[in-house]
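Colleague: Before we look at helix packing, how do I read the surroundings of a ligand?

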Amino acid sequence: MDLTRRELLKLFGTATAGLAMGGLSACDIPLWVRDDAIPVDSWHKSVCRFCGSGCGVQVGLREGRVVNVEGDQAAWNRGRLCIKGLLNREILYVRDRALHPMIRSQGRLVRASWDDAMAAAADGFQRAIEEEGPDSVAYYGSGQLFTQESYTANKLFKAGIGTNNVDGNPRLCMASAAAGYTSVFGADEPSGCYEDIEHATLFFIIGANMAECHPVIWERVMDRVRTNPGTRIIAVDPRRTPTTRHADQHLQLRAGTDVALLNALCHELIRTELIDREFVEDYISFRRGAPDSAPLAYEDFVAFLDDYAPERVAELCGLGVEEIREVAQWFGTAEAVMSFWTMGLNQQSHGTAANRMMMALHLISGQIGRPGATPFSLTGQPNAGGGVRDAGALSHTLPAGRVVANPEHRAEMEEAWGVPPGSIAPEPGYHAIALFEAMLTGDVRAALVMCTNPAHSLPNADRYRPGMDRTFLVVADAIYPSHTAEHADVFLPAAMWTEKEGVFSQSERRYHLVEKLVEPPGEARSDLDILVDFADRLGHGDLIVNRTPETIWDEWRRISAGTYYDFSGITYERLRREPGLIWPCPDEDHPGTCRRYVPGEDPLAGMSGRADFYGRPDGRALVFLSDQLPFRENTDEEYPWILNTGRRLEHWHTSTITGLVPQLAEIETDYLEIHPTDARRIGVERDDPVHVVSRRGTVTLRARPSDRVRPATVFAPFHSIDRLVNVATIEETDPISFEPEYKRCAVRVERAPAGAMS
Ligand SMILES: Nc1nc2c(c(=O)[nH]1)N[C@H]1C(S)=C(S)[C@@H](COP(=O)(O)OP(=O)(O)OC[C@H]3O[C@@H](n4cnc5c(=O)[nH]c(N)nc54)[C@H](O)[C@@H]3O)O[C@H]1N2
Ligand SMILES: Nc1nc2c(c(=O)[nH]1)N[C@H]1C(S)=C(S)[C@@H](COP(=O)(O)OP(=O)(O)OC[C@H]3O[C@@H](n4cnc5c(=O)[nH]c(N)nc54)[C@H](O)[C@@H]3O)O[C@H]1N2
Ligand code: SF4
Ligand SMILES: [Mo]
């Protein structure tokens, strides 16, 4: 299954004799530095198209085309890239780039002019708005759009059209992290930065497969471990992965029991007096439920944790009492702990609670605000942070930490956007799952889907297809066809990556610029151009006063001034010059802030003490008493196993892009990791077809007997276009963040007839 270095080189063929790789010694994931064999005319600074690590790249052009990409030595990644980063050079030129607008006519999408397509799109929206009001339309966006694009869509829908039905794929991804940070610190986004890696003595990695999903950050962790031998890694994941392989201690817990485990670790830290009492007294308050609920005392927290003593939860978690105790001991005695987590925590029905507990673990042990000590949630997409979380492009949020439900926040944004008081509706709109439910019922009649492929990526995906058919759907995508385009009434071809210009933000709050370097293919246009045109046609042209990436950035920069998200010092001119800047950055001479909330380091914090959690009225962070919730879907005789889903290194999500890159197309996505004893029990061997059956649907995959998974659990990546794993996953969500539980549902696995995969 794992590609070896030799296999990868073979994929690149003889043309890549000059391919240089690094970083293989400790980690088995190849890192690509550059391909010297390809001549270029000029090099240009940019950012990788793919993950939220946000690697800086240099893009090599020849005759108006991107021909080579290498890691930017001046950026945080110091010249390193993973295989997807290197293959940025291929992505603009894949087969199936969308070239022309299309309109559905007699059941088929047929080529149309831009003018006709945009007129049809506006007409469909206008009709729904006139007949059923603004809440009958919606925008479903993406953490892969530029900030200027998400910001403009948000403004158009919330302040122009007057609906808060603005959501997107970050709901499927970072919503639990955002809810966690916002409730604990009163402001979103991690407080630390990548540089903390060089100071940490313990890495606590939970629900994240960094070696495959954030490979270049992972390599920096490996560097730290290699150069500082005492540094240890704890990994918490129900699966064995290329990440857990390097852990000094791997807690292979039962899926979905993280809150119980994290509570047990807190219990153990308190029992062994490894907490920071002074920090607890000076900087923490305790709550149960909402942030504005009645304050509780430290003693309440201690009493609450009684139920979570290691000996009480070990069985539930499928772990040994001593393992839990040892991990707590390591955590409590380490000089500096840096924790990383991603979807293994966020995509759970207790995702927000798990995020809060990760922050609690750091807060009670004082592992925050010092170099190397930080609870750091990794962002998945290249701009879910800046474009969607910071810019408030979710159904309940407004820019720079404001929320729809707060009348003062609405008034501030109405003033900033120059619209009459009352323009922004007072109720949050539909979150992602509710939005697609509303398409099923007909409550949402028209929707714009931009830079995301929900018919593939939503949980219980087939459930939502009839709703997408029923809805007047406008789809803007760089690739055609796709599962979502099948439901489009109007299809708009989009420019991508360096065919357009805008700002991305990476996991460490670093904003950086992607400049336009080449022309888009065919008639494709940037998403920003599409949005501006759409606004004009809907009669909201006056609202979109700024219409270029640079002027929109300046507008958004001004709106951020004086907020907890202040990046007003990050000018375009600086972005052009520097490999990104980390906010807060309140003036043009400010170098950016690595560690937030730290007096003397964060310009927004007070000047004394160990921390100033200024997002909260009293400057104290909150520790929540969070119970382990019951599972949403239990196993039973009919569905006895747990299905876990996720990613592999070489592919990106719905593989519309990576599936077309020749070097990656052969790397398979349609397999099921199944424990060897389970495979024997149902009589299947490697490559035999199996049906994975849930209460919602069946997907047929190739069996991969492997002890990577625990018995009675199976794992499949969700990349395959032909074999949609999401027909089986469950649409249940976390009660606070409304993020779906992709990581856990009940299934049975059956041997399928030979030929079932053909
Ligand atoms: N190669 C590649 N990299 C990517 C992406 C990609 O598509 N391909 N996508 C990007 C995006 S948008 C995202 S969100 C990130 C996702 O990055 P990750 O979250 O690291 O990736 P996943 O594979 O979704 O899940 C991570 C791990 O969670 C574990 N897990 C499952 N259930 C549980 C549980 O109950 N508890 C715990 N503790 N762990 C559990 C899984 O076994 C899996 O190993 O990756 C980003 N990077
Ligand atoms: N089973 C399962 N399902 C999951 C997850 C999981 O772990 N398990 N993870 C969830 C998570 S964390 C995420 S982030 C989502 C991702 O789910 P999606 O967002 O649906 O997946 P992508 O393939 O990234 O979709 C991006 C689309 O935008 C197109 N595109 C690329 N660049 C551009 C551009 O510049 N403009 C436009 N208009 N289009 C462009 C691509 O061709 C592609 O169709 O999946 C979620 N679904
Ligand atoms: S780690 Fe992420 S940002 Fe860096 S090269 Fe790989 S995909 Fe791109
Ligand atoms: Mo994601």
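**Ligand shell and helix packing**

Modeller: Sorted by class, the residues of the shell around ligand 3 are eight nonpolar, three polar and one charged. Ala, Val, Leu, Ile, Met, Phe, Trp, Tyr, Cys and Pro count as nonpolar, Asp, Glu, Lys and Arg as charged, and the others, Gly among them, as polar. This is a predicted model, with local features needing pLDDT of at least 70 and side-chain atom pairs pLDDT 80 or more, while totals for chains, interfaces and linings use all residues. Residues are numbered from 1 along each chain, chains are lettered from A and ligands numbered from 1 as written, and side-chain values use heavy atoms, without hydrogens or water.

Colleague: Which residues surround ligand 3?

Modeller: Among them are Cys48, Cys51, Cys55, Cys82 and Lys84, with a heavy atom within 4 Å of the ligand. Helices α2 (83-86) and α8 (215-227) each supply at least two shell residues; helices are DSSP runs (H or I, at least four residues) numbered from the N terminus.

Colleague: How is a helix pair described?

Modeller: Two packed helices are described by the angle between their axes and the distance between the axes. Helices α18 (residues 432-441) and α20 (residues 461-470) pack at about 60°, axes 7 Å apart; axes are lines fitted to C-alpha atoms over the stretch in contact (heavy atoms within 4.5 Å), and angles run from 0 to 180 degrees between N-to-C directions.

Colleague: What does the angle make α18 relative to α20?

Modeller: Oblique: angles under 35 degrees are roughly parallel, over 145 roughly antiparallel, 65 to 115 roughly perpendicular, the rest oblique. The contact includes Phe436 and Leu440 of α18 and Tyr464 and Met468 of α20.
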